[in-house]
Amino acid sequence: MSAQHVSPIGIVIDTNVLVAGLRSTQGSSYKLLQLIGNGLFDMNVSVPLVLASEND
């Protein structure tokens, strides 16, 4: 059986998840942030998402 290359999944993390993960090391928001950079995900961002985070 040969190893198969799996393409990273494209995800967008909501600002609420980002803030929750940065505020606490408990819970799934933090666990998700710990997975960033391991090659499993391609992070995606949109202009409206950036603008929304600037308004918070």
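Predicted model: local features only at pLDDT ≥ 70, side-chain atom pairs only at ≥ 80, totals over all residues.
Student: Is I9 buried or exposed?
Tutor: Happy to start there! I9 is found in strand β1, which covers residues 9-11. Its relative accessible area is 53%, and the cut-off for exposed is over 50%. I9 therefore counts as exposed.

Student: Which helix gives the largest share of the lining of the largest pocket?
Tutor: Good one! The pocket has a volume of about 170 Å³ and is lined by 10 residues, with I13, L18, M43, V45 and L49 nearest its centre. Helices α1 (15-23) and α3 (47-55) each supply at least two lining residues. The largest share, three residues, comes from α3.

Student: How many residues in the lining of the largest pocket are charged?
Tutor: Let's go through the classes together. Seven of the lining residues are nonpolar and three are polar. The number of charged residues in this lining is none.

Student: Is K31 buried or exposed?
Tutor: K31 sits in helix α2, residues 28-34. Its C-alpha atom is separated by 7.6 Å from that of G21, 10 residues apart along the chain. K31 has a relative accessible area of 59%, and over 50% is the cut-off, so K31 is exposed.

Note on methods
Residues numbered from 1 in each chain as written. Heavy atoms only, no water. Helix = DSSP H or I, 4+ residues; strand = E, 2+ residues; numbered from the N terminus. Buried < 20%, exposed > 50% of the residue type's maximum accessible area, 1.4 Å probe, protein only. 1 Å grid on protein atoms, 1.4 Å probe; cavity = no way out; pocket = protein on both sides within 12 Å on 5 of 7 lines; lining within 4 Å. Points joined across faces, edges and corners; volume = space filled by probe spheres on them. Nonpolar A, V, L, I, M, F, W, Y, C, P; charged D, E, K, R; others polar.
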